Amino acid sequence: MKTLLLIDLQNDFCPGGALEVKEGDLVIPIANQLLDHFPLVVATQDWHPADHGSFAAMYPFRRPGQIINLDGLQQVLWPIHCVQDSFGAELVAGLEQSKIHKIFYKGTESNIDSYSGFFDNGHRKSTGLGDFLKEQGATEVYILGLATDYCVKFSALDALELGFKVSLVEDACRGVNLQEGDVELALEEMRTAGARILHSTEVLAEV
Ligand code: VGL
Ligand code: ZN
């Protein structure tokens, strides 16, 4: 069974948001167009406590983009974003949320980040998404959202590792590009790991 997985379609990742991704808002109409064609639609939300260890503001003299060691893992520092229950953490209002069957929250523990919708960055804990998809009979996952080079990429790689057939809806993703070329590299990494990279029109033709 085919499932649509919407990654972090939240205000803070759209233009004007705290961790804005260029053209992030442009993926919303494509998501809405695809939603109706899938029997199962699942979303993730980046959902941080206010003192999350990925926030540069937690550390004196640190700036977003710098890298620290957080509980034994390399951690990129970000502006404060997607704080639980804040406006920035809400799903974008234009998204047809009534079509979403279940939402999985990630990054909820202060001492570890979670780019993937399946596991935290240390693969220490699961969010339950993988088990849920398998219980529902999902075998194929079509992924779109924000940001291509972080949460989308790590979700796709984990989905492949869990045995799902993975297709990335390329025109319905946008990236951070902290370094120029990061999005291209991320696409290549996903392709090499076994993901198909598709345009939404190709997806619509096969679902
Ligand atoms: C994300 C950086 C920090 C993402 C989340 O959704 O890609 N990126 N938190
Ligand atoms: Zn985050």
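What takes up the space of the largest cavity? Ligand 1 does. Keep in mind that this is a predicted model.

Who surrounds ligand 1? The residues around it are D8, F13, L19, D46, W78, H81, Y115, L146, A147, Y150 and C151. Please find those on the screen.

Now the polar atoms. Take D46 to begin with. An N or O atom in the D46 side chain sits 3.0 Å from a nitrogen atom of ligand 1. Next, L146. Here it is the backbone: a polar backbone atom of L146 is 3.4 Å from an oxygen atom of the ligand. Then A147. A backbone N or O atom of A147 and an oxygen atom of ligand 1 are 3.0 Å apart. How much of the ligand's own accessible area does the protein cover? On its own, ligand 1 has 260 Å², and the protein covers 100% of that.

On to the helices. Look at α3, residues 148-161. This helix is mostly covered, with 12 of its 14 residues buried. What covers them? Just after α3 comes G163, with a positive phi of about 95 degrees.

Now α1, residues 27-35. Again, mostly covered: seven of its nine residues are buried. They are V27, I28, I30, A31, N32, L34 and L35.

Last stop, a glycine. G88 lies in the loop between β4 (73-76) and β5 (102-106). Is G88 buried or exposed? Buried, because its relative accessible area is 9%, and the cut-off for buried is under 20%. What does G88 touch, setting aside neighbours within four places in sequence? Q10, N11, D12 and C82. Consider Q10. In sequence, G88 and Q10 are 78 residues apart. In space, C-alpha to C-alpha, they are 6.6 Å apart.

That's the tour. Over to you.

Definitions and conventions. Residues numbered from 1 in each chain as written. Chains lettered and ligands numbered in written order. Predicted model: local features only at pLDDT ≥ 70, side-chain atom pairs only at ≥ 80, totals over all residues. Heavy atoms only, no water. Helix = DSSP H or I, 4+ residues; strand = E, 2+ residues; numbered from the N terminus. Buried < 20%, exposed > 50% of the residue type's maximum accessible area, 1.4 Å probe, protein only. Contact = heavy atoms within 4.5 Å. Near = heavy atom within 4 Å. Polar contact = N/O pair within 3.5 Å; in protein donor to acceptor, adjacent residues only side chain to side chain. Areas by Shrake-Rupley, 256 points an atom, 1.4 Å probe, with all protein chains shown as cover. 1 Å grid on protein atoms, 1.4 Å probe; cavity = no way out; pocket = protein on both sides within 12 Å on 5 of 7 lines; lining within 4 Å. Sits in = over half its atoms within 2 Å of the grid points.
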